[in-house]
Amino acid sequence: MANKTISSIAKNLKISRARVYQIIDMLDDNEKPSKDSNDRYVIDDSAVNAIRKYYANSNTKAKQEKTSPIDDKVLDIIRRQLDKKDRQIEKLTQLLDQQQQLNLSTNRQNEKLLDTTTNNPPSQNDDTDVLKPTEGNYKGKETKTPKKGLFGWLRR
């Protein structure tokens, strides 16, 4: 039965020497290794097994705590929020589609208006032309600036 050192146990378990000392302090009194006259631990095989056992148990508890399942209440809250966001996205998508359809419709109407005004020049007898004075109302030289109307720029 050979005695082990703290360093060899730490190296074997791949932990620090300080952690080995912490584990020894947490062991039950009947599992703790005894100390020699120089106040150093005399670690026999039973103490090594106790240290390994304690380390393995504490390691699995820490892993379980890190990977603990999320509380059901938290999951419900997250699911409700996600559903709400999905509905908001769907509504915004519908609004965007409507806006695109309105833009397309407006563009088509504008194209029709442009086609009808450019393909049909004003007739000679068109009384809506404000550049010519109407018969009977002409008093001489016109001093007003002529009005061109809404689509007057197309007649140029």
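This is a predicted model: local features need pLDDT of at least 70, side-chain atom pairs count only at pLDDT 80 or more; totals for chains, interfaces and linings use all residues.
Which residues make a nonpolar surface patch of about 250 Å²? The patch is made by Ile70, Val74 and Ile78. Isoleucine 70 sits in the loop between helix H3 (45-66) and helix H4 (72-119). Its relative accessible area is 52%, so isoleucine 70 is exposed. The cut-off for that class is over 50%.

Stay with helix H4. Arginine 79 and aspartate 76 both belong to this helix. They are three residues apart, about one turn of the helix. Their side chains form a salt bridge, with the closest N and O atoms 3.7 Å apart. The limit for such a bridge is 4 Å between a side-chain nitrogen of Lys or Arg and a carboxyl oxygen of Asp or Glu. Aspartate 76 has 37% relative accessibility, so it counts as partly exposed.

Further along helix H4 comes threonine 116. A polar atom of its side chain lies 3.0 Å from the backbone oxygen of leucine 113. Threonine 116 is partly exposed, because its relative accessible area is 44% and the class runs between 20% and 50%.

Now turn to the other salt bridge. The count comes to two salt bridges. Besides the one between arginine 79 and aspartate 76, there is one between the side chains of lysine 35 and aspartate 39, at 3.6 Å from N to O. Lysine 35 is partly exposed, with a relative accessible area of 44%. Aspartate 39 is exposed, at 55%.

Where else does a positive phi turn up in a residue other than glycine? Lysine 14 has one, near 60 degrees. Lysine 14 lies in the loop between helix H1 (6-13) and helix H2. Its relative accessible area is 75%, so lysine 14 is exposed.

Lysine 35 has a further contact. Its charged end sits over the ring of tyrosine 41, 4.9 Å from the ring centre. The distance limit for this arrangement is 6 Å.

The rings of tyrosine 21 and tyrosine 41 have their centres 6.2 Å apart and their planes at 45 degrees, so the pair is tilted. Planes under 30 degrees apart would count as stacked, and planes over 60 degrees as edge-to-face. The pair links distant parts of the chain. Tyrosine 21 is in helix H2 (residues 17-26), and tyrosine 41 is in strand E2 (residues 41-42). They are 20 residues apart. Tyrosine 21 has 34% relative accessibility, so it counts as partly exposed.

Definitions and conventions
Residues are numbered from 1 along each chain as its sequence is written. Side-chain values use heavy atoms; hydrogens and water are left out. Rings of Phe, Tyr and Trp (its six-membered ring) pair if their centres lie within 6.5 Å; planes under 30 degrees apart count as stacked, over 60 as edge-to-face and the rest as tilted. Helices (H or I, at least four residues) and strands (E, at least two) are DSSP runs, numbered from the N terminus. Buried means under 20% relative accessible area, exposed over 50%, partly exposed in between (1.4 Å probe, protein chains only). A charge sits over a ring if NZ of Lys or CZ of Arg is within 6 Å of the ring centre and within 35 degrees of the ring normal. Patches are made of residues with over 30% relative accessible area and no salt bridge: like charges are joined within 9 Å, nonpolar side chains (Val, Leu, Ile, Met, Phe, Trp, Tyr) within 5 Å. Accessible areas come from the Shrake-Rupley method with a 1.4 Å probe; for residues, only the protein chains shown count as cover. A polar contact is a pair of N or O atoms within 3.5 Å; within protein, one must be able to donate a hydrogen and the other to accept it, and residues adjacent in sequence count only if both atoms are side-chain atoms.
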